[in-house]
Amino acid sequence: MQSKYFWNQWPKAYKYSYLLFLTLFVMAMLWMAVSYVIGVGNVLDWNILAQVDKAEIIVKTFKVGPFNLSQSVDSTIFTQEYAGTAPAINVFSYYLFLLAITLVATLLVTVISNLTRFWYYVGIAIFAFFLVSLKLELLLFFGSGQKIGLVIALILYLPLSFYFQSIKTETPLIKRFLAFFGVAIILAILIGFGTDVPHPFFYLSTSMIGSAFLISLLFIFGIAHEIIASFVYLLYGRVSSQGTKNGFIHFIVITLFYLVNLTLAFLHETNIIDWDFLYVNVFILLIISALLGIWGFRHRENQYDYIFKFYPTGALTFLGLGIVCFITIAHLQTTGNDAGLEIFRDFILYSHLGFGIIFLLYIISNFVSLLKKNLPLYQVLYRPNGMPYFTFRFAGIILVVAFVLKSNWQVPVFQGKAAYYNSVADLHQYNGEKQLAERYYKEAANYALYNHKSNYSLAVLSERSGNDEQALYRYKEATKKWPSPQAYVNLSNLHLKNQQFFDALFTAKEAVKKYPESPEVLNTLGLIYGKTSIIDSAIYYLDKASKIEPDKGGAISNIMALLAKNTFEIPVDTVLKEYQVGDDPISINNKLVLGNKTQQFLNIPFSKSDSALTLVDASILENMAINSLYDKDTASTEPITAYSRYPSNVAFKESLEYAACLQLYNNGDINNAFRRLNWLANTSEQMAAKYFDDIGLWALEQGAADVAIEYFQWAKDKGYDDAALHLAIALAENQNIPQAIHNWNELVQADDPSLKQIAQSMSSVLSLTPSEAMRREDSQLYLFERFMLSATDTLLFNSLVNHFEDPNYKAQAILDMARKLWKRDLSNSAIEIYSMAKGLNITDEELYNNLQFFELRMLAADGNIRGLAQKINQDIEFDTSHNLEKAYFTGLINEANGDSIAALINYKFISDRNPFYEESVIAAARYFGKSDAFKSYNVLLSALEINPRSIKLLKAYIYQCALVQQNTSANIALATLKPLVSYSEYNMIEANYKELVNKMNEEWP
């Protein structure tokens, strides 16, 4: 055990010095291992690009006669695309590499100063060459391009080394090291303050690449046989004379198995074979060999003791060389310099195979008898009696050279140059010198074809400059040899950008084959499929991505976006429950859109710490407002309205206001919804046509076809496509038959076959005569009754209604005619027509409920409060869509019962809610008029601003004008009313108005 920890026998000064360098050796090894595991992630990361898209969401559906109409909104969805970042310039790695090389160079010059005269001159000449290779003149010492820096370095190092070697020979190694380290500090200070180039130490780091390669290769060659030597130790390392049973066979089998695996790896590296096989990892080989070499180098001291002893110079030299090797590899990995890494991959493999084969021959030729006798061979392994140790080394080098020649000797030379140029390019990139960086990256790409670092960096530079063609070429080059998922994804994204869909698809598929566990690659392929009709494949790949890294919300949000944007049979409920969106705002937004598409209330909490909104925040608020439409309870519009009023949110003001209007309408606040959306329609530059069409739909749903016509006409004039159909329906509903026929005939020319069929059917119905209608089936007869019969055609209706065979059609026709009469303020006739529905076997639940609520309206208008209360207590249920009716009926009952406080609350609620529910407005105005005539006047005036041709509202308003002596307003209202009623009705209304005016004049002379 003591021999394993040989340093414990050394004096403390050397023991601790060795342990320090051993620690650095292990740390360098660990850095290499960690950077290898991280891989391309050392220099490349992912950018997440949120792409904005729209999904059509149906927020409301309602029926007008035979037409199922819907109101839709274009909700914002976001797809999260990945893109590889630009390569990071790891300055820390360059400086750490510089520090490590400087430390080891200091150690080596210390060792050189302790050599004998001949080896000292050889060593110091090599060190001087190292100083020359740094090209210190390029640092422009004191503004000069002369070799001042090199001269200073030589003056600082060479005399001191000679002093220690020839004069002060007894100086301990540690003091020499400290002296040379002090020289390094002095030189660093001179460089820091005496040079005229930016980041001089970064430059020095790049210039040390070549020397680091040579030192590393020397170390790799020195330890290449250690694994086979360890086999000897395991089988023949015991001192026992009995040896190891069957050791020779075991040794040969193990060694040949090891060499065969190396051979397969070599054949694979040289592209001779491409088997699906787990090949040897060369960096693991290097680590194992290096660790074994700590003891192995000590064991072969007799082969180099003519230069220096193992204690302490040999041991420290070995660690120094190892530190350089591992630090260089780690530095190349952390800077993504794959051209340099390929040199190490090749030479580690070549050296282990070449020296391994020769070392096996060396053992057999020297110790075959000991092998067969199973004697402790390891004790004399480096004391050959046949093939000299030098021969083994020389033959091993020859075999390595043969391997290099077999794979083209120019390759490692060019790769070394490429590695150097990549480092120089990094320096210029860090300095902001883009043109110089591009130039050196191109040089590196020319020397090492298909090396990833050069081509990827050039692709990024080309893409930023708008040269997509060059960027495509460079990304393709970057994927040919040592690709990265970032290169594939960026290439695929660039193909999509240039409308090269299939190229993008094939690139993404190839990337998935190489990186099947990369969520970013899977996400990219899923989104590409999402642009096709193959949505199932898109969901499949996105689902795989989401399961690999569930904490990343990109794939989940993209699944939500695709489901929201496309229509196909997937259980959305399961999707909403399975995928947890967490706090990712984009995922929250897309989940809301998906919930809105399926009209599911999700109740997702969302809060902002400040008032300023991002695009995603604003979209979430809008989609939350839409999602509240599917809640059973009404939602407050205050939060979204408050955000829209902040000056910082001016870019989102219109969309937030629109969402608030949808909430207001859903809450039953028709008055404010109309006013606010009308204001938006008149101020919006891009969405005016859409807003006008929405208002028209609202008016049509409220039974005010005359109001809807104006808005649809404005929307159609502004080029809104759907407005043409809506206008034709509104004209038919308002019984403007000639105009309606004209508009339906226009729609006959539509490209949509279904719309064309509807238009032809409506044109035919609107051209029927009563006798023709009687001979048609119920559906056609119903359309004729609805669109062709006015409130004055009751006799014709009575003759037609009995031709219905289906009780549902008959009941619907009766309800339609009753509503026409009710709208014309012909209440008695409406009640008479309505009574015809009694006894019909109605199976349509919605129709039955509509009849029940219409009956409640008639009871309320007739003043039959007891009958109203009894009817309500029978089987009437008021959902949120009937809150207004509930408040209206309750207010009447409160008033009849003398509960003035409750009545006042209900009348205040209904007074400005829905100007199309005329009875509620008039009831509230009547109640307020008992104490405040002007308040009553204002209630009616406000309703008429929204519903200006309501006969009921106009009559009530005209009479109220008389009470508040607003004669001019009354005359305007009378002029509006005149074409809406019959001559006799108008005369009666005018007479009643004048009577009220005379009465008021008498009371207020």
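The structure holds 0 disulfides, where a disulfide is taken as a pair of cysteine sulfur atoms within 2.5 Å. Keep in mind that this is a predicted model, in which local features need pLDDT of at least 70 and side-chain atom pairs count only at pLDDT 80 or more, while totals for chains, interfaces and linings use all residues. Residues are numbered from 1 along each chain as its sequence is written, and side-chain values use heavy atoms, leaving out hydrogens and water.

Cys 325 is buried, at a relative accessible area of 0%; buried means under 20% relative accessible area, with a 1.4 Å probe and protein chains only. Cys 961 is buried too, at 0% relative accessibility.

Cys 961 also brings us to a helix pair, as it is one of the residues through which helix 45 meets helix 44. Helix 44 (residues 933–946) and helix 45 (residues 951–964) pack at about 150°, their axes 9 Å apart. Here helices are DSSP runs of H or I, at least four residues, numbered from the N terminus; axes are lines fitted to C-alpha atoms over the stretch in contact, and angles run from 0 to 180 degrees between N-to-C directions. The residues of this contact (heavy atoms within 4.5 Å) include Phe 934 and Tyr 937 of helix 44 and Leu 953 and Tyr 957 of helix 45.

Our last stop is Ile 191, which lies in helix 5 (residues 173–194) and is buried at 2% relative accessibility. Leaving aside residues up to four places away in sequence, Ile 191 touches Leu 139, Phe 141, Pro 200, Phe 201 and Leu 204. Between Ile 191 and Leu 150 there are 41 residues in sequence and 11 Å in space, C-alpha to C-alpha.

Terms used: Helix = DSSP H or I, 4+ residues; strand = E, 2+ residues; numbered from the N terminus. Buried < 20%, exposed > 50% of the residue type's maximum accessible area, 1.4 Å probe, protein only.
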